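Please look at the sequence and the structure before reading on.

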Amino acid sequence: MASVTNDRDTRKAHWVDGRYDFTLRGISHRVRFGYDWEDNTAHPVNQYSGGGVAYVYQTYTGGALTNNATPPAGTTQIAQVLNFRVGGDFRVITGAFYAEDSIRLLSDRLTATAGLRSESFDSRNGQDQTFIKMRDRYAPRFSAAYDVGGDGRSKLRASAGRYLLQIPAMASILMAGAQTYYWDYFVLNSIGPNGAANLGPQVGSRVTIANGAVPDAASIVNANIAPMAQDEFSIGYERTLGKLWKWGVAATYRDLQQVVEDATIDAALLKYAKARGYTRFAAGGSDYYALTNPGKPVAVAINLGEDANKDGVVNKQDQGADVTKEKVLLTGADLGLPPAVRKYFSVAFKLDRVSDGKWFGQGSYVWLHSYGNYEGTVFSEIGQREGITSLFDQPGLTDGTFGDLPNDRRHVFKVNGGYHLTKQFLVSGNASAQSGRPISALGLYPTDAFARANGVLSRYVGGGLFPRGAGGERRGSRPSVR
């Protein structure tokens, strides 16, 4: 079945939106403050080709269909008519206020800067209702630069800061869209010469997976969710040599504090419901998702199947039913999910030669190490790049995920330069070489049924655990010359 996607992104621009900076200068201080504001809208539409309707023809060999109905006697062919469409307008509104103060000390040899950003995020669902809202999240930053010799030829720099990232619009699209998905069964009499189906009587009732209702945010978003955050520290030294040359060395350390990901909570909900006497609650393994910070407790509102009226009705969280929901708090131990970890450390050496009218050049070498269980808002090993991934979909899928990450290229060399043949004619080029990426493998989880149902996404291969990067390193890239 082919699907058709039509995406359109827009950004509003009027006098309120944008970035505004203000600077006040004194004898030894420079104060900057301002704000930036963006209102972006993603408008995706995904549906089956043919106006959202797809026909699946099946040879009937007996037994009940997925709607538990049995076709009339003598039926040999069945047509399954599927309707699928998801889309809407998804706004992501981000705003930040910031202030910083730079002061010159020690006869202007030392410049120290301290700043603070206050970030706010408002993600909307397919009906332009707030899906996730986080206000006044603070990110402090500090930096300093020291003129070591007092002659401007050598500088020592250091910085530290926290950086916050907005929740990708794809998170709202995947989890808070107005999705319609249902199918009907018909006896298939024949298929015309133009491919049109000649349908007989309908068999049984309609199977509805999603009825077009936008999910209740309280059911799929952790009430205590926090924005993605990363801390970064750096220190470096650079010095000029004569009039043309400059060398430098810098070290950088980045530590991911938390991320926003989707995770299935079926297994934890089953244990929670059983422990509290909810005997009618059912979850199939991938029925209940929550957008959360992996490793943190999850607070959501779920109908556990026995509401205040003891009606025993089990409703999936995304069907928009008017039911009584219980506030459920699942601890990190209940969920069995580790926190997202990504650590990065690098040391970079650089040598530059500015142009003297004849030639210029630059060379660098970087040693780096990137490791953890989360590479970012992508899952490159399966080509997933939607902004939220399947990395934390089941506790079992996190087994063996800690190791060297896919972007861990331990050694990177780069050179570039140019030569002036004449004043008007320049020949230039660049070359690079880097070590290979870690080798990993994916397979089916051998025991956990919920994890196994997700397909080839676990770190078990041939029944044994094959941790991330356990296969060593791929051959490094061949030198690239341009």
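The structure, a predicted model, holds 21 salt bridges. A salt bridge here is a side-chain nitrogen of Lys or Arg within 4 Å of a carboxyl oxygen of Asp or Glu. Side chains of opposite charge can pair when their charged atoms come close.

In this predicted model, local features need pLDDT of at least 70 and side-chain atom pairs count only at pLDDT 80 or more, while totals for chains, interfaces and linings use all residues. Residues are numbered from 1 along each chain as its sequence is written, and side-chain values use heavy atoms, with hydrogens and water left out.

**Salt bridges**

- Glu 238 and Arg 157 meet through their side chains in a salt bridge of 4.0 Å, N to O. This pair links distant parts of the chain, with Glu 238 in strand S13 (residues 228-241) and Arg 157 in strand S9 (residues 154-165), 81 residues apart.
- Helices (H or I, at least four residues) and strands (E, at least two) are DSSP runs, numbered from the N terminus.
- Glu 238 is partly exposed, with a relative accessible area of 28%, and Arg 157 is partly exposed as well, at 39%. Buried means under 20% relative accessible area, exposed means over 50%, and partly exposed lies in between (1.4 Å probe, protein chains only).
- Arg 459 and Glu 381 form a salt bridge of 2.9 Å, N to O. Arg 459 lies in the loop between H5 and S24, and Glu 381 in the loop between strand S20 (359-372) and strand S21 (403-404), so the pair ties together parts that are 78 residues apart in sequence.
- Arg 459 is buried, at 1% relative accessibility, whereas Glu 381 is partly exposed, at 30%.
- Glu 381 also forms a salt bridge with Arg 468, where the closest N and O atoms are 3.6 Å apart. Arg 468 sits in the loop between strand S25 (464-465) and strand S26 (477-481), 87 residues from Glu 381.
- Arg 468 is buried, with a relative accessible area of 5%.

**Helix H3**

- In helix H3 (residues 266-275), the buried residues are Asp 266, Ala 268, Leu 269, Tyr 272 and Ala 273. Seen down the axis of H3, these buried residues fall within an arc of 155°, so they line one face of the helix. The arc is that of the directions from the helix axis to the C-beta atoms.
- An α-helix has 3.6 residues a turn, so residues three or four places apart point the same way.
- Lys 271, Lys 274 and Ala 275 are exposed residues on the face of H3 turned away from its buried side.
- Just after H3, Gly 277 takes a positive phi of about 85°.
- The charged end of Arg 276 sits over the ring of Tyr 272, 3.7 Å from its centre. For this, NZ of Lys or CZ of Arg must be within 6 Å of the ring centre and within 35 degrees of the ring normal.

**Aromatic rings**

- A search of the whole structure finds 14 aromatic pairs. Rings of Phe, Tyr and Trp (its six-membered ring) pair if their centres lie within 6.5 Å; planes under 30 degrees apart count as stacked, over 60 as edge-to-face and the rest as tilted.
- Tyr 445 and Tyr 460 form an edge-to-face pair, 4.7 Å centre to centre with 65° between the planes. Both residues, Tyr 445 and Tyr 460, are buried.
- Phe 84, Tyr 181 and Trp 183 form one aromatic cluster.
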